[in-house]
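Hello,

Here is the structure we discussed. Please open it first, then read my notes below.

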Amino acid sequence: MTYNLSIDHSDASDPAIVALDEALGRAGNTVSDLRQALGHASDDLIARFEDGQPVTDLVRLRASLVDHVLLCLWREHAGPLRDSAAMVAVGGYGRGELHPCSDVDIMLLVGNKLPADGEQLLSSFLTSLWDIGLDIGHSVRTVKQCQLEAKADITVATTLIEARLLHGPEPLFEAMKDAVSADRLWSSAEFFEAKRREQIARHHRYDDTAYKLEPNVKGSPGGLRDIQMIGWVAKRHFGVRTLDELVQHNFLTPGQLQMLNDGQAFLWRVRFGLHVLTGRREDRLLFDHQTKLAKMLGYEDATYTLAVEQLMQRYYRTVMDLSRVNEMLLQLFEEAILMDPNAEPAALNERFQVKNGFLQTTHDQVFQRNPSALLEMFHLLQQHPDIRGVSAFTIGLVKRNLYLIDEEFRQNPRNHRLFLNILRASSGVTKELRRMNLYGVLGLYIPSFGRIVGRMQYDLFHLYTVDEHTLFVVSNLRRFALSRFDHEFPHCSPLMQSFDKPEIVYLAGLFHDIAKGRGGDHSVLGAVDAEAFCLEHGLSQYEARTVAWLVRHHLLLSSTAQKKDIGDPDVINAFAALVGDKTHLDYLYVLTVADVRGTNPNLWNSWKATLFRDLYELTARALRSGLENPIDRDQLIFEKQSAARALLESAAVTQKKIRDIWSLLTDDYFLRHRSEEIAWHTEVLADSDIDSEHGFLDVRLQPDADGIQAVFYTPRKKRTFAHVTAVLDELGMTIVDARIVPIANGYSLDTYIFMEYDKGVHVDESRMSKIRRTLTRVLTAPDDQAAPVTRRAPRQVRMFDTKTAIDFTRDPAKQRTVMELVTGDRPGLLSDVSRVFVAMGIDIDTAKILTIGERAEDVFYISNVSGEALSDKICAELRQRLIESLDAKA
């Protein structure tokens, strides 16, 4: 029998091991004593981690500590199993790698079956481990069972590849290793293909991006599992035990090995810190932990960059490097394991050829002799979409020659043409830009882009890093340009496909956020960079200025649609004057949709799409009329009424009813509602008692968009806004728009648009009935008793502390005050704001509700009870009372 076969005794003199062994060796130890001894050892590791000791040492020392505990308790509880069974470490524990709260996975390997008292002995052993605080995963298998289960499940086969004998008969252990070897099951080729499919599926679970704002250190692309993937394939094919040995097989360069080791050490440090912070097995870099972890790891806030942003930028850049190495090595394995090494290459030109379906250089001096080939290769991939990818050798060659992308390279007219040809290609634009970014080429060719690689913004609105978001924007623009995606955005696709020079909007997409993190207005700074880049690349002054204008104003359409009253012709006329012509409007519209959708797809919805489209169409109309002929209010009202009449005729509403109802409505009402809404409201009023004491309401699904609409007809004095918003918040709804319109008979006609906060909730008839019943109670609720909101803010939102800011401006044309409120979003916010309005005798005309991640940016059009704008004194008092009210509940 071999005892302790695979345990490394090099750390036997470590103080933590010595102290633990002394505690384990004491006679009469109780479970409490052992738990305390292991706890002291764990505390010692944490203290060393916080003092900056290399995490690679600590991870392996933790495994060694557990080895000693298991062996001690095995000797005490195993009885005759000590001689007949092998205790085997598997998984991460088999590799000798344990983080503070990692699972400890062991397998008891037996000859044929457990002896009569074996189950009782094993139960006693496992109970002792659980009692002292170890999270044990275990299995009991014979050699034959190992073989059968490994053959059926690639995960079991992978686990057994990393098996390490802790105690027991070495021949039994070796028999198991032989039974699951590549000679008997899962040949190198089968194993590689299965593990590659497994990695693809895992990456899909994380949306095929490493750049989520709450990544998984272990499972996300570029994470620890990708490093382990390389190790598993190497062990299976070459029989190596460490990645270092791949250098000897010429499958890794020393530099690549160093990158893998450095990347693993950084990710280990992050993961170790997560376990320390949470006290549990936690691999997700949640917002809850990022700020604390940054402080723990020694990052400090700088002038323009928070400590947490520095930590996360290093994380994203690390996983980008690891993703590139993972791709290269798996490609190298594929070539060695699956492909014909003697295949004849097919030449594309003097510099590149295709072998086994992969692009490769014709020799290793290609880039040094012709640096432009560093861009040419991406254009060749676009021209030959049948090429599967880039060979591993060529990927490594690109990495080693990135230093050639210097200022002389960036000023070379040939490279300018190549880059523009990549943007102008009929296919593969986004794919090759992503590949350029992954290989490090894009950030060197456009240095300002290099500075945003891996840069995060610590908020909930921006779902991706700046570089990943930028490439998503370009990807969205490309989808608009391809007719097979016309059904996705039928208003954007025809515009995009009509552009003579789509590269103008692609360049605007590339540069729109390029100046983030520098301080100052990133739109202004980015416009300067964009214009200079375009002029250097031979675009005309008009084209360069158009790109710069788009970058400078890329937020204009979105903020106008979501924060201003686009039912007001003056707003449309001012926006049209700033845009100037239809060409700029078209470019800005498609860029805006691509940008907002690429910022956070979860926040894109058909309500935003409708708002943007309405603003686009109204502005296009103003531009067609000419800026010297601004939109005529009376003509616009006439057109809306005509369209509404046509709808009402089909609903059998009489002309007399229409005239009677419309006589109560103001011009403002008609300007602020679509024709289809006017028809709906008119039909509801025609079928109801307009003299009702409490009023009435109707609720419906939006006919042409996501979400739900509710219209309230109530006495003006009731002021239902606080009640309605509280009820909708409690129901789990997100309010996106509210229009409060007083009418001539002392009543108010109020329209709300809202959506389920949880997009997974299906709005069926049962849900609609509940919404309708709950909202109906508002009609008879006492004015001063708005329903309490008990729903808590989501976990992520609670991680942020947004300072309340309130600004006032005056809308002289309509004699009202515009109040913009920025504060932390939470359930009940709108109801709380409304209570202050009611207490101060302030009326709401319109509320534009905008939630940007964890932040509410709401705009209220308000007036006093006489319908006039608020005085400066009242504005100051309102600001003070709102801040006191909102901060008290933050």
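A cavity is a set of points, on a 1 Å grid over the protein atoms alone, where a 1.4 Å probe fits but cannot get out; lining residues have an atom within 4 Å of a point. This is a predicted model: local features need pLDDT of at least 70, side-chain atom pairs count only at pLDDT 80 or more, and totals for chains, interfaces and linings use all residues. Residues are numbered from 1 along each chain as its sequence is written, and side-chain values use heavy atoms, without hydrogens and water.

Cavities

The whole structure holds 6 cavities of 30 Å³ or more. A volume here is the space filled by probe spheres set on the points, with grid points joined across faces, edges and corners.

The largest cavity has about 150 Å³ of space. Its lining has 16 residues, and Arg-716, Arg-719, Thr-720, Phe-721 and Ile-740 lie nearest the centre. Strands E11 (708-715), E13 (747-756) and E16 (842-848) and helix H40 (829-839) each give at least two lining residues. Helices (H or I, at least four residues) and strands (E, at least two) are DSSP runs, numbered from the N terminus. By class, this lining has 8 nonpolar, 4 polar and 4 charged residues. (Nonpolar: Ala, Val, Leu, Ile, Met, Phe, Trp, Tyr, Cys and Pro; charged: Asp, Glu, Lys and Arg; polar: the others, Gly among them.)

The second largest cavity is about 50 Å³ in volume. Trp-74, Met-87, Ile-106, Met-107, Leu-108, Leu-122, Phe-125, Leu-126, His-138 and Ser-139 line it. That lining has 8 nonpolar, 2 polar and no charged residues.

Helix packing

Helix H26 (residues 503-511) packs on helix H31 (residues 582-599) at about 45°, axes 10 Å apart. Axes are lines fitted to C-alpha atoms, for helices over the stretch in contact, and angles run from 0 to 180 degrees between N-to-C directions. H26 and H31 are therefore oblique to each other (under 35 degrees is roughly parallel, over 145 roughly antiparallel, 65 to 115 roughly perpendicular, the rest oblique). Ile-504, Val-505, Ala-508 and Gly-509 of H26 touch Tyr-587, Val-590 and Leu-591 of H31 (contact: heavy atoms within 4.5 Å). This contact has 6 nonpolar, 1 polar and no charged residues.

Helix H28 (residues 541-552) also packs on H31 at about 45°, axes 10 Å apart. Here Tyr-542, Thr-546, Trp-549 and Leu-550 of H28 meet Thr-583, His-584, Tyr-587, Leu-588 and Leu-591 of H31. The classes are 6 nonpolar, 3 polar and no charged.

Best wishes

Methods: On a 1 Å grid over the protein atoms alone, a cavity is a set of points where a 1.4 Å probe fits but cannot get out, and a pocket is an open set with protein on both sides within 12 Å along at least five of seven lines; lining residues have an atom within 4 Å of a point.
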